[in-house]
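Open the model in your viewer and keep the selection tool at hand.

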Amino acid sequence: MTAEEFRRQIGVSRETLDRLSRYVAVLERWQPRINLVGRSTLADVWRRHMLDSAQLHALLPPGATRLVDLGSGAGFPGMVLAIMGVPDVHLIESNHRKAAFLGEVSRETSAAVTVHPRRIEAVVPFAADVVTARALAPLDQLVRWARPFAGEETVMLFHKGQHVDNDLTQATSCRNMRVQSVPSVSDSTGTILRLTRAGRA
């Protein structure tokens with residue numbers, strides 16, 4: 001997938017595409033120094049990372065302003081969603097070199113993000129409209145990490161792979177929540193889990 005094919009599929013503006021392209025340039029510059037993404041995925045970065053992240057934008061609740069991205073790594077999906085217009089994005093990443101990379105991307109793209117260079121459990125909880133995570137942990141653990149940031153209206157959006165059904169079966173922490181499975185547009189074996197009623201124990 002090319003940058004232009006990405007723009008046509010997602011419908012972003014030329015300005016947003018330019019900022020995402022700057023993000024890709026920083027990623028390619030830092031990748032030899034830090035293992036930010038799988039080396040083989042850089043050849044298809046617009047599908048494997050940009051499209052994979054950008055598809056969450058359509059699943060955001062109306063009027064969402066504050067988003068928390070758990071274990072941000074290279075910034076997917078949180079940084080992409082910030083560049084696409086989510087006004088207050090918090091990226092939690094305990095690896096200080098990756099956190100420095102996220103700060104560099106923020107400066108290069110003028111993304112409205114706050115980088116928290118610490119473990120998820122060490123961040124003082126605050127209310128968020130959306131909590132996201134990608135390739136981080138089993139669903140049960142994700143919900144436990146997300147719940148301190150969640151209220152009754154918070155939406156959780158988690159990328160999951162082909163074993164999503166097993167993950168759901170084992171996730172006792174979300175049994176009182178409404179779970180919607182959305183097929184991934186970037187990976188035929190992937191699923192986006194959209195969890196609501198997040199504040200209920």
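Select P77 first, in the loop between strand 1 (66-70) and helix 4 (78-83); helices (H or I, at least four residues) and strands (E, at least two) are DSSP runs, numbered from the N terminus. The peptide bond that joins F76 to P77 is cis, with omega near 5°. This is a predicted model, in which local features need pLDDT of at least 70 and side-chain atom pairs count only at pLDDT 80 or more, while totals for chains, interfaces and linings use all residues. Residues are numbered from 1 along each chain as its sequence is written, and side-chain values use heavy atoms, with hydrogens and water left out.

Next, select S110, in the loop between helix 5 (96-109) and strand 3 (113-116). S110 is not a glycine, yet its phi is positive, at about 60°.

Now show helix 1 (residues 3-10) with helix 2 (residues 14-30): their axes come within 11 Å and cross at roughly 135°. Axes here are lines fitted to C-alpha atoms, for helices over the stretch in contact, and angles run from 0 to 180 degrees between N-to-C directions. Helix 1 and helix 2 are therefore oblique to each other (under 35 degrees counts as roughly parallel, over 145 as roughly antiparallel, 65 to 115 as roughly perpendicular, the rest as oblique). For the contact (heavy atoms within 4.5 Å), select A3, E4, F6 and R7 in helix 1 and R14, L17 and L20 in helix 2. By class, these are 4 nonpolar, no polar and 3 charged residues; Ala, Val, Leu, Ile, Met, Phe, Trp, Tyr, Cys and Pro count as nonpolar, Asp, Glu, Lys and Arg as charged, and the others, Gly among them, as polar.

L17, L20, S21, Y23, V24 and L27 in helix 2 touch V45, W46 and M50 in helix 3. That contact holds 8 nonpolar residues, 1 polar and no charged.

On helix 2, select R19, R22, Y23, V26, L27, R29 and W30; their partners on helix 5 are R97, A100, F101, E104, V105, E108 and T109. Here the residues divide into 7 nonpolar, 1 polar and 6 charged.

The last stop is the largest pocket, with about 590 Å³ of space. A pocket is an open set of points, on a 1 Å grid over the protein atoms alone, where a 1.4 Å probe fits, with protein on both sides within 12 Å along at least five of seven lines; lining residues have an atom within 4 Å of a point. Grid points are joined across faces, edges and corners, and the volume is the space filled by probe spheres set on them. Of its 27 lining residues, select H49, D52, R134, A135 and H159, the closest to the centre. Helix 3 (45-54), strand 5 (155-160) and strand 7 (191-196) each give two or more residues to the lining, and helix 3 gives the most, with 4. The lining comprises 8 nonpolar, 11 polar and 8 charged residues.
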